[in-house]
Amino acid sequence: MSSTVTDTSTGATGAVSRALGEFYGSLRSLSAKNRRNLGIMAAVVVLFSIWAIATEGWNLFMQRVVDGVDNGFIYAAMALALVLIYKATTVVNFAQGEMAMFGTYITFVFSSDWGLPMWLSILMAMLVSALAAAGIERTLIRQFDPSNHLAITIVTLSLFLILGALAGVIWAYDGKGLPSPFPKRNETFGFLGADVEYSSVFTWITVIVTVVLVTLLLNRTKIGLAFRAVSTNLESSRLAGVHIGRTLQFGWALAAAVGTLAGSLYAPTTLLTPTFMGNLLVFSFAAATLGGLDSLGGSVLAGLLIGLIQTMAGGYVDRIGGELATATALAVIVIVLAVKPSGLFGSAKVERV
Amino acid sequence: MAMVTLQEGSPKHRAYVIGAWVLAAAVLLYVPFASDIGFAPASIDKAFRVTQLNDVIAYAVAILGLNLVIGYSGQLSLGHSAFVGLGAYTTIILVSDHGWSYFATLPISAALCFSVGVIVGVPALRIRGLYLAIVTLSVAYVFPTLVLKYESLTGGPNGKKPARGEGKLEPPSWAPFSDAGRLAQPLWTYCLLLGVAAVLFVLARNFLKSRPGRALVALRDNPTSAAINGVNLPLYKTMTFGVSAAYGGIAGSMLMMNRPFASDVQFALDLAIFLVVGLVVGGAGTISGAIPGSLVFVFVPYFMSEWTNDQEGMPPGLKQITSPLFDWLETRQGGRSIAGVFFGIGLLIFVFLLPGGFIDGMRKLRARVVRVVPNPSWRRDAAAKTAAPAAIETDAAAPVPNPTH
Amino acid sequence: MVALSFVAAACGDDDETTDATDAPAATDAPDATDAPDATDAPDATDAPDTPDATDAPETTMGDMGGEYGLIDGMYMGAGDFSLDPADCPEDWDPMQGITDDEIKLFTSLPTSGPLAGFGLIADGAKSYFQYINDNGGIDGRNIVVDVKDDGYAPDQTKTNVDEAIGAGEYASLFVTLGTPNNLAVWDTTNDECMPHLLNGTGAAQWGDVENHPWTTGMQIDYFTEAQLWAAWLLKEHPDLTKVAMITFNNDFGKSYSNGFKAYIEGTDLEVVAEELHEPTAPNLTNQFTSLAASEADVLLIQTSGAFCTQAMGEVEKGSWEPLVIMSATCGSLSQFFQPLVDQGLTGAGTHIIQTFKDVNDPAYADDEFVQLYHETVDAQGLDSTQSTYATGWIFAFYMTEILKLASTYEGGLDRGNIMLAARAIDTLMPLLLDGLSATMDGMNDAYLTEGGQMAQYQVEDPGALGTFVKVGDLIDNEGQLGTYATVAEIG
Amino acid sequence: MSRMLDVRGLHAGYGQSEVIHGVDFAVEEGEVVVILGANGAGKTTTLRAICQMISTTGTIELAGQSVVGKSTTEVVRLGVAHVPQGRGTLADLSVEDNLRVGAYVRKDDINSDIQKFYEVFPRLGERRHQLAGSLSGGEQQMLAVSRALMGRPKLLLLDEPSLGLAPLIVQDLFRRFGDINRDEGVTMLVVEQNANLALDIADRAYVLEAGEIAVSGTADELRDDDAVRKAYLGY
C-alpha cells in the first residue's frame, strides 16, 4: 500500500493539482453574480465561526470542526463510489449501499473468521466485491440496453432487496464490531484544543489517497479513458469501437471496491449491521450531488461541507439540535441545487437524454 | 398472428371494449362480495382480506400519481412517500383532533399536497435527472423527522389515531351489507374508496388526453420539440408535480379511511422506493398499470412473508423441496428475512420476462389474440397532435419512457 | 430507607395530597435494603421445581378456585379487578383459541429488518412452550404460538393484530414488541376483549388498568428504571450532581428522561445537558461533543440497539470520563458488548439496572434453572448462549403461569379467566434476581416487576467479555407504582 | 475498384415501426457517395443500420463480409467509422482525449496521428487541453471527423455534417472532406440535406424518400435532373 503511494507520488501530485485546478476552474467559470453569492456564503461562514467561538469557546468549536471533517471524509468515501456508479450507469443504483454493506461483511469475514489483518481483509474484500460487481454487471445489467433505464432500475431495486435480506440471513441483525484497520486505534491526540483520533487522521489520508488513485486510474489508463468516454457519450463511444459492456463492468467493479472501502472505514465508527449503510448513504448521495455527480474531487469537498454543516447546525443552533441536523444539511443541498443545478463542481452539462 | 382482427371504431370493436369494461367492473364487485374468494383460504378472515383490497385501491392511486411524474413527464421522484404521509396525517389529524368527517378531509389533503408538490416542483424545473432524485429523496427522508419533531401535532413516534371508539366509517343502514358484522365496515370502505379511485382514474385519463397532458408526453419524449411547439414548459412541469402530489395525498387519506392510524415509519423512504417498484412492475406510462403494481405492492410481500413463516398454502411439491431450507433457516437468527430475498429474486425474474412492466406484457399477450386495426383517420390526427415536426426519427429511437429524465 | 424516600419522591416530594390509591401498597412495601434477605421470598435455588407443570400452581399460587373466576356472569379477580363480558362484542367467544388439546396464542414482532434480533424472543418463547408441552402442557393442552413479522413498524403491527383478531383463532396476544406498536393496537384489543398480555416493552402505559384492562406489561418500566438510577445515584454517589443525557428521540428515550427528571426534583441532582438523536443518525459523535462540553459527572445513555454500543464507544474514546448508566435494554453481553470488544474497546465501568440473571454469566453457571435452560435450548438445536432466547423463556414462563392460574379459577380456563390471572400472578420467575419479587394485584398493582439491582460492567481482560458486578443494594419497589394513573400524574 | 459497401434489400426500424423498406445501394472503394432526402426519409436510420445500432434485415456487406447480426463494436473494428448527427462530441473529455478514444481500437502508436490532425486542423492543436464541449460547432465537427479518422477506417459515415453550422464553415468543412477522401483514400458515405454542397464532393448520389430509394445516379446526373433539383435542391 505505502510503496504504491510512493511510486506514484509525482502522479499523485499531478492529480491533486488537477483536482485543485478543477476547483479553481469552476470558481473562475462562476459568473459575477455567483461569485458574489460565494462571497456572501464565505462571509456567513466567517461570521458564524466568530459567533460560535464567542459563545461556546474555541475548544468546542475546534472539536466540532474535527467532528464535521471526520464525518465528511466518511461521506466523501461513499460519495466517490456513487459518482463512479453514476458515471457507469446513469441511473440511480438503489443497490449501491447494500453492495458496500455486503462488501464490508466480507471484510468482517476475512478479519474475524479467518483472522487476517484488517488492512489485508479490506483489500481482499475490495477485490472480492469488485469481482462480484463485475459478475452482477455481466449477468444482470448487460442483458439490458444501457438506455433502458426502467429495466436497470428494477434490477438495482431487486439487488437492493436481495442483498439486504441475504445479509440478514447470513450474518443476522446483531451488530458486529469491526476494528479500525489503522494503528493506535481508539487513541486520540490533542490538536488546537480538540481531541482527534489517530484512526480518523488515517481515514482522511486513505480517502484522499483513494481519490488520487482513482483519478489516476481514470486519467492515465486506456480503460479509464474508455470509461470517461462512455460516461460522457455512450453512442459515440460505441461508434469508436469501445466495448461498452466491459467498460461499464469496470465501472461497477471499481465502484464496488471503493464502496467496500468506504463501508470498512465507516463500520469501525458504528456497528456493522445489514442496514448500517442506510443512514450514511443519504449524506453520501447528498455529497455526490452537491459535488456535481461527475467530479471526484468535488464530491470530497462537498462531503466535508455537509459534515461541517451538520455538525455546526446541530451543535450551535438549539432549535435544530441533534434531531434536525440531518434535515438542515439536506435543506442546504436543495438550496444549492436550486441556485446551481449541476452541483458546486459539476460540469455545466447536466442533460443526458 | 392474432386470432381475431377488429377494425377500430367498428361495432365489434366497440363491443369488445365495452365487454372488457363490464368484465373489469364485475371483477371489482365480485371479489370483495363473493362468499369465498379464491385467494383467501377459508381460515383467513374475509374482513381482513377486504381491508387489504382497500389498501390496494389506495396505493393504486398513489402509484397513478407517481406515474404522472415518472411515467408521463419523465422526472424521477423518490419523494412520494412524503406526499402520501402528508395526506394521511392531514386526514388523521383533522378527524381525530377536529372531528371532521373523512370525506371532508379529502379536498384539504389534496390541496395541501398540491401546494407542497408545486413547491417541490419549482426546483424541479431547474434540477433534472439524478439531481432531482436527490432533492425528492431529501423530501422523503426529512418527512418522518418532521413528524417526530412536531410531536404535539402528529403524535410523534407513537403515531396518530382517533380517540378510542371514534373515527369509524360505519356503513349507512340502507347498504345491503350493513348487517354483515365485522365485514360491514371494510366493505363500506371498499365501496367508498373504489368510488374515489374511479373518479381519480378517469380524471387522470382525461388529463392525459387533454392538451396539457399531451404536452406532458411530448415533453418526456423530447423536451426541445415540446418547447418549440409553444408549450408552457415550466407551468406544466410544476403543475404535474402538484397534481401528482395531490394524488399521493388523497391516497394517504384513503389509507387512513381504511385503517385510521398513521406513524412516521409508515411513510419513510421504503414507501417511496416500493411505490417506484409498484410503478415499474405495473408499467411506467400506463394508467391501468397502477392496479397490478399496487396488487404486487400489497400482496406479494404479504404472501412471501406468510409462506416463509409457515409453509402452509405453498404448493405441495414445492413444500417438499423447500422444507430442508426452511428447517435450516428456522435455526438462524435472521432466517425469516429470506422473504426479502425471494421477493427480490421474483422481481428480477419479472424484469427479465416482462421488461416493460405488466401492462406492456399483457398488451403483447393480447396482441396475439386480438388485433385492433387503427382507424387511419384517427392515426393521422393523433400524429399531427403529438409529434413535433423535427423529431420523428429521434422520437422513434426512444420508445421506452426514460425514468431518470 | 431508600425505598421510603423513593416512594416519597415518586409521589412528589412536596405534594402531600397525592392520590392514595397506592398507599396500602406503599406501607407494606418491603424495605429495599432488607429485600435480599427477605425470608418470604422463595429462594431461587428452590426454583427448579417451578417449571414443572404439575407442582407449580401449588407452590406459588395457592388455591384461588372458589374466590375468583366467572361468578354470576362476571369475571371477578384479585385486587378488585373485574370484567363484564357484556362490555365485549356480541360475538365474543370466551373459549376462542382454547380447545381440549390446544391453546393458541399470537404475537407480532420484528423477525426481519434492523430489529430482527428481537424476533428471537418468539423463538425462545416457543422453546419454553415446547418444553412445557413435552411435559404435559396445561392440563394436557399444548401451547401453540403463531408469530407474524411487523418489522417494528406500528402500522404493520396493527395490520397483523387486526388479521389475528379477525381470524378468531387466538385465545390471547402475548409479548407483542415495541411501545408504539402496542399503543397502535391496544384500543382494538381492549374493544375486542382480546387479552393483550406481557407486552415486550417497558412503557408505563401498560399499567393503565382503568382504561385498558385487557393489556399488561412484563418488564420493569423505563420510567421506574430511570428513578432507580436516581435513587442509586443519590445514595451511592452523593457527590456527583451534574447529569448529562443522550436520549433516543422517541417515547422510549423520553420515558427515561421524564422518569429521571420527575424523581430528581428537589434533590441535588441536576440535568445540565440533554442531546436527542434520531433513529437515522449516522453516529453520535456530534451529540457527544456537546455532552462532553457540559463536563457533567454522570452520563445517562437512554437509547437502544446499536446506539448503546456507539454511545459506550464514544465515552471510552473521549477524554470526558463521567459515570455511565445505561438503559437495561442494552444489557445483552453478546449483542452490545461483544462488538465493542471486537472494535478494541471494552465498555468497562458502565452501569445497568438488572432484573434478571444473565444466563451466560459464570456466576449463575450452577443455577439449576439456568442449567435447565441451556440443556433444553441446545437440545432443540438453538444456540443457548444467545441470551435473547432466555428473554423469550421469561415471557413464556409468565404466560404459562398465567394459563395455569386461570385453569384453577371458577369456570376453568377461558379468556376472561386468563385476563384475571394475568392481573393476579404472584410468582417468582427463577431467572429473576434473587430477592426481587414479581406480583400483580388487580387494581392495586398493575406492574409485575418494579425493582432491580444496579450492576457495573467490569473487565479483567480487555480482549474478552467482562461481567456485571453488583454495586449497591437491591432496590425493590414492588407494588409501589400502583397503576398508570400514578405515573400519568407525575409526569 | 472493389466494392466497399454493398446493401441489398435492407429493412430497418425502431421497435415495431419500420422506417427503411427494402433499400439497395453500394459504395465503391475510394468513392464519396451521398444519400439525400427530406427529414424523416430514413437517412439516419440507414447509417445506423450499417453500424448495426438498430435491428435490420437484408444484406449489408462490408468489403465482402456480412455485418448483419454483428455488434456495433465489431462493425467498427471491421473498419467503419461513423460520425453521428450532432457530432457525438465527448463533451467532458479534452480534445486530445477525444482523439485517443477515436483510436481506441488501435494497438499501435497513435501520437503521430494525433500530431497529424493538429496540423490538418490547427484550431484543434491550439485547444488540445480544453474540454471538447467548450469548442464551437465547427471545431467540434472537425474534432468529430478527426476522431473518426483516428481509427484508420476503410469507410467513413457522415451524418448531416452541415447541421447547425454557418455556411462559410460548412463550405470549408466540405472542402476538407474532399481533401481527406483524396489524400487518405478514405471511402465516404455522407447523409445530407444540403444537397448542393454534398453533390460537389460526391461521386454518386441516392435520394431516399419515405424509406425507399427514389432516384440514384452520379452526382452530375442528379444535379442535372430537373425533378430532383426542384424537389431536393431547391432551385
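Chain D carries 24 positive and 33 negative side chains, and the centres of these two sets are 5 Å apart. Here Lys and Arg count as positive and Asp and Glu as negative, while His and the chain ends are not counted; each charge is placed at NZ of Lys, CZ of Arg, CG of Asp or CD of Glu. The model is predicted: local features need pLDDT of at least 70, side-chain atom pairs count only at pLDDT 80 or more, and totals for chains, interfaces and linings use all residues. Residues are numbered from 1 along each chain as its sequence is written, chains are lettered from A and ligands numbered from 1 in the order in which they are written, and side-chain values use heavy atoms, with hydrogens and water left out.

**Chain D**
- Chain D has 10 helices and 10 strands, taken as DSSP runs numbered from the N terminus (helices H or I, at least four residues; strands E, at least two).
- Its radius of gyration, over C-alpha atoms, is 17 Å, close to the 18 Å of the globule rule (2.2 Å times the number of residues to the power 0.38) for 235 residues, so chain D is as compact as a globular protein of that length.
- The C-alpha trace of chain D spans about 45 × 40 × 35 Å along its principal axes.
- Of the 235 residues in chain D, 57% are buried (under 20% relative accessible area, 1.4 Å probe, protein chains only).

**Helix H12 of chain A**
- Because 14 of its 15 residues are buried, H12(A) is largely enclosed by the rest of the structure.
- Gly292(A) follows H12(A) and has a positive phi, near 105 degrees.

Technical notes:
Buried means under 20% relative accessible area, exposed over 50%, partly exposed in between (1.4 Å probe, protein chains only).
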